[in-house]
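Here is a structure to work through by asking what backs each label. The questions come one at a time, with a value and a cut-off in each reply.

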Amino acid sequence: MFVFIRRMIKQELKDDYYRGSMYNILLRLKFFIIFILIANIVFADTLGKEEIENKVDTLLSKMTLQEKIGQMQQISFWGSVEDLRETIKNGKVGSFLNASDAKSTYELQKIAVEETRLGIPLIFARDVIHGQETIFPIPLGQAASWNAELIEKAARVAAVEATATGIKWTFAPMIDISRDPRWGRVAESCGEDPYLTSKLGAAMIKGFQGKDLTDPTSMAACAKHFVGYGASEAGKDYNTTFIPERQLREIHLKPFKEAVDVDVASMMSAFNDINGIPASGNKFTLKTILRDEWGFNGLVVSDWASMTQMIMHGFCEDEKEVAFKSIEANIDMEMASTSYIDHLETLINEKKIDAALIDNAVKNILRLKYKLGLFENPYTAIPDSKVARQEEHLKVAEKLAGQSIVLLKNKNEILPLSDDFKKIAVIGPLADNALEQNGCWVFEGFGKDGITPLTALKEKFGNDKEVIFAKGLKSTVDSDEDGFADAISAANKSDVVLLFIGEDAFLSGESHCRAFLNLPGAQEELVSKLAATGKPIITIIMAGRPLTFEKIESEVDAILYAWHPGTMGGPAIADILTGVETPSGKLPITFPRSVGQIPIYYAHHNTGRPAESVDRSVPLGTPLNPKGFASFYLDVDISPAYPFGYGLSYTKFDYSAIKIFKEKYKLGEIIEVECLLKNLGNYNADEIVQLYIRDLSASAVQPVKLLKGFQRIHLKTDETKTVKFSIHTDELSIHDAEMESVTEPGKFKIWIGSNSADLLESEFEIIK
Ligand code: BGC
């Protein structure tokens with residue numbers, strides 16, 4: 001290297017232009033050193049990879065067939081460590097899920113490392129979906145923050161807390177595109193949009209996995225459920241899906257491809273069947289696309305017994321066929337059911353499957369264990385750790401809960417609460433329930449230390465204001481109106497009502513789907529009774545999905561949609577109500593007016609007869625609708641209750657002067673567009689600026705709008721900023737008839753604005 005530098009300096013000195021210019025020499029040197037450093041990193045990385053591959057191969061060569069198949073089994077922790085000792089000693093397990101305390105993971109690992117022939121460490125998995133002990137908002141709520149950086153931080157916190165108990169693998173993020181709010185698992189998703197889900201899913205993966213998987217606080221992420229699970233028919237869990245290949249690629253696979261691009265360590269196959277082939281035995285999606293097209297060599301785990309459930313689907317006759325079809329589809333590890341361990345050996349002996357299939361699966365498993373540094377450091381648990389729920393963790397949870405809250409209505413700017421309100425009625429089944437505000441998929445957090453809105457508001461108001469609390473209903477599903485009298489009396493004694501309603505945690509999540517999306521129990525009645533008092537009503541809805549609440553919308557003055565906000569939901573909501581924070585969340589999913597509109601999403605195709613606006617006042621006796629034959633319902637408006645991307649602020653943002661830099665762009669160029677954003681109101685605030693495009697005429701029909709960018713911009717009052725977006729023409733690609741990804745020349749519309757229905761418009765053309 002020094003010889004090279006000397007030569008370079010000599011060369012410099014010979015050059016007239018540079019002679020005497022030590023500055024330039026140093027500058028060149030600097031670039032050279034940077035180059036060497038980058039080359040070193042890349043080289044070291046390649047070396048690291050090669051070293052791991054060598055280790056994997058060496059270990060594999062020492063393993064018996066039974067040991068290999070044992071690695072492919074994941075067991076749910078049950079009973080005690082002793083109950084499982086023989087299974088581990090006999091090499092019949094590669095991973096446990098649901099072993100989640102530091103003591104058990106340590107003891108189980110000790111058996112694997114010290115009492116098995118090859119000492120291969122176990123990997124402990126858990127559904128750390130939105131936090132381990134510090135609970136963040138449900139993923140759908142997190143998505144409403146549109147804040148990838150903050151979401152990454154939250155996932156980092158979750159990893160720090162989970163790894164302290166020995167967990168090195170989380171079954172998250174769930175990046176299923178979810179367009180049906182009846183589906184209970186919409187709560188676990190980032191909503192309806194492939195672009196938003198891709199970016200936020202990638203942020204979660206980065207947060208869980210950290211900078212380097214060998215870091216003791218890193219855990220492997222698992223992108224799930226591969227694939228199409230979010231399209232379960234009629235929003236009923238585990239249901240059939242029918243997804244044409246173009247839609248599969250452009251909608252459902254998008255976030256998974258992004259996950260592969262950011263090096264997700266693992267994937268989970270889904271429960272649903274796709275066009276008749278169950279996702280867990282689907283060679284086309286799991287092998288052709290994931291392995292062959294995308295080159296994914298991470299670990300693919302089945303979902304809980306999703307392999308043996310292929311018998312119920314009617315796709316396999318028995319568990320032997322299950323094992324055959326799953327290994328052929330390249331599933332590496334079987335969760336909970338035991339078709340691999342029971343039948344793979346026979347399938348090999350009968351020469352029905354190639355031994356290389358098993359070797360490959362085991363390589364994927366061992367590779368991950370090496371990558372996680374488990375061979376060098378198998379005991380990652382920190383006994384009696386005080387890691388969880390540290391001050392900084394709670395701060396991230398509070399910030400994310402705050403940014404996830406969406407202001408849907410604010411009549412006469414009643415929010416933030418005026419100082420004139422001295423007596424505050426806090427009412428509702430969700431005002432003081434630390435458990436329910438956490439939402440679905442919470443194990444270790446379980447309401448522990450969660451701060452409810454009632455507690456937070458009392459603390460905030462101190463002696464300045466009087467808080468009068470009445471539950472009104474025992475839970476969100478309670479239909480007993482006995483508690484109404486107390487609630488009405490509390491309202492009558494107060495200047496304003498803060499009403500906390502919505503859905504208890506059990507109403508969303510896996511297998512918790514709903515056919516009606518109205519506020520359950522007697523909550524609507526409670527709202528009406530309180531409205532009749534004439535007091536201003538501020539409604540805070542906590543729920544795991546979009547609800548339909550048109551009926552109460554007109555009865556209340558303000559609506560804050562807080563999802564299930566987690567441990568720090570109370571303080572976050574209190575800060576927003578009192579104006580310490582300004583709401584900035586935007587909906588990551590369209591809110592329907594009624595269940596009959598579902599599926600309703602912004603990126604739909606145009607029909608040949610789109611309806612603009614619909615006059616539904618058809619006079620009786622009229623044989624046909626005078627408005628003609630367009631695509632609408634007679635009994636509900638075509639617009640949603642709230643569009644994708646929607647969310648108000650206490651301040652007012654003005655969008656103007658959209659400017660596209662060129663009218664025509666060549667393929668391969670970067671499209672640049674900008675607009676001015678001004679804060680016209682009285683609050684410093686964040687605005688999420690959204691960019692959409694439409695390919696106006698293509699070889700296959702394209703959505704009427706597609707999100708292609710977003711930025712969270714902070715503006716002080718009166719401040720104006722130019723917000724600029726740059727998109728490469730490749731990002732406008734579609735799938736042609738041969739399913740090739742191409743950007744087709746032609747005209748495009750482009751929009752910037754505050755939600756998918758309120759946008760400034762421009763256009764450009766792509767040319768060859
Ligand atoms: C769910 C998965 C989850 C797994 C393990 C399944 O029922 O579908 O998302 O990771 O259980 O708990």
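**Labels and their grounds**

In this predicted model, the side chains of glutamate 133 and arginine 389 are joined by a polar contact of 2.4 Å.

Q: What makes the pair glutamate 133 and arginine 389 a polar contact?
A: The separation is 2.4 Å. The cut-off is 3.5 Å between N or O atoms, so the pair qualifies.

Q: Why is glutamate 133 called buried rather than exposed?
A: Its relative accessibility is 16%. Buried means under 20%, so glutamate 133 counts as buried. Glutamate 133 sits in the loop between β3 (123-126) and α6 (139-143).

Q: Which residues is glutamate 133 in contact with, leaving aside neighbours within four places in sequence?
A: They are Glu161, Ala388, Arg389, Glu444, Gly445, Lys448 and Thr567.

Q: Why does glutamate 761 count as partly exposed?
A: Relative accessibility is 44% for glutamate 761. Glutamate 761 belongs to strand β26 (residues 758-767).

Q: With which side chains does the side chain of glutamate 761 make a polar contact?
A: Lysine 749 is one partner, at 3.4 Å. Tryptophan 751 is another, at 3.1 Å. Both values fall within the 3.5 Å limit.

Q: Why is isoleucine 289 called buried?
A: Its relative accessible area is 0%. That is under 20%, so isoleucine 289 is buried. Isoleucine 289 lies in helix α11 (residues 283-293). Beyond four places in sequence, its contacts are Arg249, Leu253, Phe284 and Trp294.

Q: Which residues are closest to the ligand?
A: Asp127, Arg185, His225, Asp303 and Glu510 are the closest of the 13 residues that surround the ligand. The shell divides into 7 nonpolar, 1 polar and 5 charged residues.

Q: What is the peptide bond between alanine 172 and proline 173, cis or trans?
A: The bond is cis, with omega about 5°. Proline 173 is in the loop between β4 (169-170) and α8 (194-209). A cis bond also joins phenylalanine 226 and valine 227, where omega is about 0°. Most peptide bonds are trans.

Q: Why does aspartate 718 count as exposed?
A: Relative accessibility is 57% for aspartate 718. Exposed means over 50%, so the label holds. Aspartate 718 also has a positive phi, near 70°. Its place is the loop between β21 (706-715) and β22 (720-728).

Q: Where does pLDDT stay under 50?
A: Residues 1-23 stay under 50. Where pLDDT is low, the predicted coordinates should not be read in detail. The chain's mean pLDDT is 94, and 93% of its residues reach 70 or more.

Notes: Residues numbered from 1 in each chain as written. Predicted model: local features only at pLDDT ≥ 70, side-chain atom pairs only at ≥ 80, totals over all residues. Heavy atoms only, no water. Near = heavy atom within 4 Å. Nonpolar A, V, L, I, M, F, W, Y, C, P; charged D, E, K, R; others polar. Helix = DSSP H or I, 4+ residues; strand = E, 2+ residues; numbered from the N terminus. Buried < 20%, exposed > 50% of the residue type's maximum accessible area, 1.4 Å probe, protein only. Polar contact = N/O pair within 3.5 Å; in protein donor to acceptor, adjacent residues only side chain to side chain. Contact = heavy atoms within 4.5 Å. pLDDT = per-residue confidence, 0-100.
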